[in-house]
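Here is a protein chain to look over. The questions start with the whole chain and then turn to single residues.

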Amino acid sequence: MSLSPSPGPTPTPVPGPIRLGERAQVALRPAESARVTGGFWHERRRVNAEVSIPQGPALLDSVGNLHNLRLAAGTASGEYRGELPFLDTDVTKWLEAASWQLADTDPKAEFAQAEDVDRMIRLLAEAQQDNGYLQSYYQVVKPGLRFVELRWGHELYCAGHLIQAAVAHHRATGREDLLTVAHRFADHIDDTFGPGNPVDGICGHPEIETALVELYRETGGQRYLNLAGYFVDRRGHGLLRDGPPMLGDAHAVPPPSAYCQDHVPVREAETVTGHVVRQLYLLSGAADVAAETGDPQLRAAMERLWESMTTTRTHLTGGLGAHHESEDFGDPYELPNERAYCETCAAVASIQWNWRMALLTGRARYSDLMERTLFNGFLAGVSQDGLRWLYVNPLRVRDGYESHGGDNTARRTPWFTCACCPPNVMRLLASLPHYLASTDADGLQLHQYATGSYAGPTDGGRVTVRVDTDYPWQGRIAVTVDEAGPGEWTLSLRVPQWCEQYTLEVGGTPAEQVAEDGWLRIRGAWRPGDTVVLNLGMEPRLTEADPRVDAVRGCVAVERGPLVHCLEQVDQPGVPGLDDIVLDPAAGLTVRHRPDLLGGVTTVVGSGRLRARPAGQGWWPYRAAGSAPVGMPTGTPVELTAIPYYAWANREDGSMRVWLPTS
């Protein structure tokens with residue numbers, strides 16, 4: 001394969017973040033063209049393009065990421081900045097985000113970050129060694145320990161993000177300068193790892209697996225798919241049992257192999273475990289390998305692990321992770337509120353894995369979980385102005401909460417010491433249109449609802465539909481056929497798992513059709529101008545958890561459409577705090593759209609009371625069982641205003657809660 005520079009950019013539309021191989025064994029394929037042109041996600045992506053991505057280069061320069069690469073390139077002097085070995089990935093994830101944005105920008109408009117992209121690509125090429133190796137930490141700090149500290153070294157993790165940035169840049173521009181850098185590093189890894197090579201090992205942090213499959217899809221290099229399969233199948237054989245603790249801390253105890261998913265082979269695993277992001281990146285890579293090889297055992301393992309995760313370890317917001325200490329899933333039904341970890345990167349990884357599973361199987365449930373995570377667990381990670389971030393996303397902040405700083409605070413911050421989350425958010429928002437629709441031989445499927453245009457090939461020819469919607473504020477989704485091949489084909493609309501009632505109109509006429517496995521499949525000999533309107537019931541609802549979730553027993557949460565809502569202190573005038581709030585579930589819920597609030601949101605208003613505190617309790621905060629009044633407490637009645645969870649922590653600091661006690 002030639003890797004000489006191409007003469008210019010490829011014509012739009014550009015394939016998205018997953019472009020399956022020709023022989024991929026999947027139920028669905030990503031839409032060939034996808035553009036979000038208005039509405040909710042258009043606004044969030046506008047802020048990402050105009051605010052979040054542009055701030056990246058200056059931040060990466062100020063905290064030392066670019067300085068470290070200059071040290072590796074020999075164009076700067078001084079000390080390596082930072083202790084973490086994976087700081088290069090902040091650069092390459094930003095490059096991926098900026099590259100997807102290049103693809104999404106009107107060709108007549110100049111993308112302001114194009115020069116920064118070129119500058120960083122040149123820096124990476126300068127830092128790369130002659131044999132293809134590229135990671136500033138081991139080039140500068142530990143040059144004699146390359147591919148030795150695999151548990152914590154993150155060398156293959158860094159390579160994975162470099163490869164994904166290169167694939168994005170090549171698809172966006174047609175240029176091969178960054179792809180050449182990634183190609184050389186991947187070849188070096190393939191010459192180092194695997195049967196007959198010097199190293200039989202895996203990375204402590206999965207990521208290389210899915211990146212290698214993407215490189216295979218982009219270049220046709222079979223060796224990359226083979227290497228991805230090797231890394232998936234070598235995990236679970238105790239290769240990471242020994243190794244130095246992270247950051248060289250002699251007093252730290254390396255976590256058990258389950259932390260890195262090296263305790264049992266992927267094909268035999270019964271449950272998700274360990275570090276959440278590591279687990280989900282691994283499963284994304286395994287799903288990619290299954291898609292390209294048609295491996296039924298690997299696919300069955302993915303479905304089994306998804307069941308385990310969603311039924312026992314997923315928060316209402318789609319967030320994942322119970323423990324701050326090891327950033328892991330926790331035990332079944334261990335779903336705390338104020339100590340919920342729910343790392344933003346874990347939400348990104350969940351969306352990536354669920355999209356792959358939706359394509360692999362065609363089942364709507366994966367897109368259901370994608371929607372829940374996108375609107376809640378993921379979007380809460382970035383402020384509405386695009387300048388501040390949450391590393392962790394708790395479901396409660398108590399009255400009197402004191403932040404001690406650091407990455408794991410429940411207060412938004414401009415950047416992090418371990419800045420994995422901000423560029424992860426940037427790259428997902430920049431590539432988001434390509435996670436919304438798919439096609440197969442029979443037609444086109446809309447997985448998520450956003451105003452825009454979606455197109456792809458079917459057996460009858462290319463089809464294009466245009467979507468107009470004010471989702472998630474309203475449940476009306478209007479679809480117009482703009483391009484239709486000859487003969488019949490099927491337009492499939494997902495009816496979300498949360499939706500209890502819906503109506504359907506085809507060509508202006510009501511249609512009686514029942515969703516099958518979450519899909520309304522509408523077949524016809526479509527012509528340009530034909531319309532379909534799906535109206536999803538958007539009544540607010542109260543949700544309760546499985547009784548095994550001890551943390552929220554006796555509580556309910558407020559939801560409307562795909563949005564989880566929360567109470568925030570600032571919206572409850574006259575209420576001293578949220579810890580004594582009790583919701584009256586019998587009082588009903590009212591919807592109020594507030595164009596003046598948080599950029600325009602729909603709120604849900606309920607009724608409750610302030611819990612009456614026992615008099616004369618003294619210094620001991622416990623009392624005999626049964627001595628307190630039973631049932632609805634008597635206290636001050638209050639009106640409670642719930643905002644969408646994604647919009648919390650955008651105003652003054654204060655308490656917040658998703659789950660509300662009813663007694």
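Q: What is the mean pLDDT of the protein chain?
A: This is a predicted model, in which local features need pLDDT of at least 70, side-chain atom pairs count only at pLDDT 80 or more, and totals for chains, interfaces and linings use all residues. Residues are numbered from 1 along each chain as its sequence is written, and side-chain values use heavy atoms, with hydrogens and water left out. pLDDT is the predictor's confidence in each residue, from 0 to 100. In the protein chain, 93% of residues reach 70 or more, and the mean is 92.

Q: Over which residues does pLDDT stay under 50, with 19 contacts beyond four places in sequence?
A: Where pLDDT is low, the predicted coordinates should not be read in detail. Contact means heavy atoms within 4.5 Å. One stretch under 50 is 247-254, with 7 such contacts beyond four places in sequence. The stretch with 19 of them is residues 1-12.

Q: How many helices and strands are there in the protein chain?
A: Both are DSSP runs, numbered from the N terminus: helices are H or I with at least four residues, strands are E with at least two. The count is 14 helices and 22 strands.

Q: What is the radius of gyration of the protein chain?
A: The radius is taken over C-alpha atoms, and the globule rule is 2.2 Å times the number of residues to the power 0.38. For 663 residues the rule gives 26 Å. The chain comes close to that, so it is as compact as a globular protein of that length. Its radius of gyration is 25 Å.

Q: What share of the 663 residues is buried?
A: Buried means under 20% relative accessible area, exposed means over 50%, and partly exposed lies in between (1.4 Å probe, protein chains only). By that cut-off, the buried share of the protein chain is 61%.

Q: Among contacts between residues at least 6 apart in sequence, what percentage joins residues at least 24 apart?
A: The C-alpha atoms fill a box of roughly 75 × 70 × 50 Å along the principal axes. Within the chain, the share of these contacts that joins residues at least 24 apart is 71%.

Q: Which residues does a cis peptide bond join?
A: Most residues other than glycine have a negative phi, and most peptide bonds are trans. Here omega is about 10°. The proline of the pair lies in the loop between strand 7 (461-469) and strand 8 (476-483). The bond joins Tyr471 and Pro472.

Q: Is Cys342 buried or exposed?
A: Cys342 sits in the loop between helix 11 (296-312) and helix 12 (344-361). Its phi is positive, about 45°, although it is not a glycine. Its relative accessibility is 2%, so Cys342 counts as buried.

Q: What is the relative accessibility of Asp517?
A: Asp517 also has a positive phi, about 50°, without being a glycine. Its loop runs between strand 11 (509-510) and strand 12 (519-524). Asp517 counts as partly exposed, because its relative accessibility is 44%.

Q: With which residues is His323 in contact, leaving aside neighbours within four places in sequence?
A: His323 is in the loop between helix 11 and helix 12. It is partly exposed, with a relative accessible area of 22%. Its C-alpha atom is 9.9 Å from that of Val276, 47 residues apart along the chain. The contacts of His323 are Asp328, Gly330, Glu334 and Tyr341.

Q: Which residues does Glu334 contact, leaving aside neighbours within four places in sequence?
A: Glu334 is found in the loop between helix 11 and helix 12. Its relative accessible area is 27%, so it is partly exposed. Its contacts are Thr312, Ala322, His323 and Phe329.

Q: Which residues are in contact with Asn650, leaving aside its neighbours within four places in sequence?
A: Asn650 lies in the loop between strand 20 (637-644) and strand 21 (656-657). It is buried, because its relative accessible area is 16%. The C-alpha atoms of Asn650 and Ala557 are separated by 21 Å, at 93 residues apart along the chain. The contacts of Asn650 are Ser383, Gln384, Arg388, Arg412, Glu568 and Leu598.
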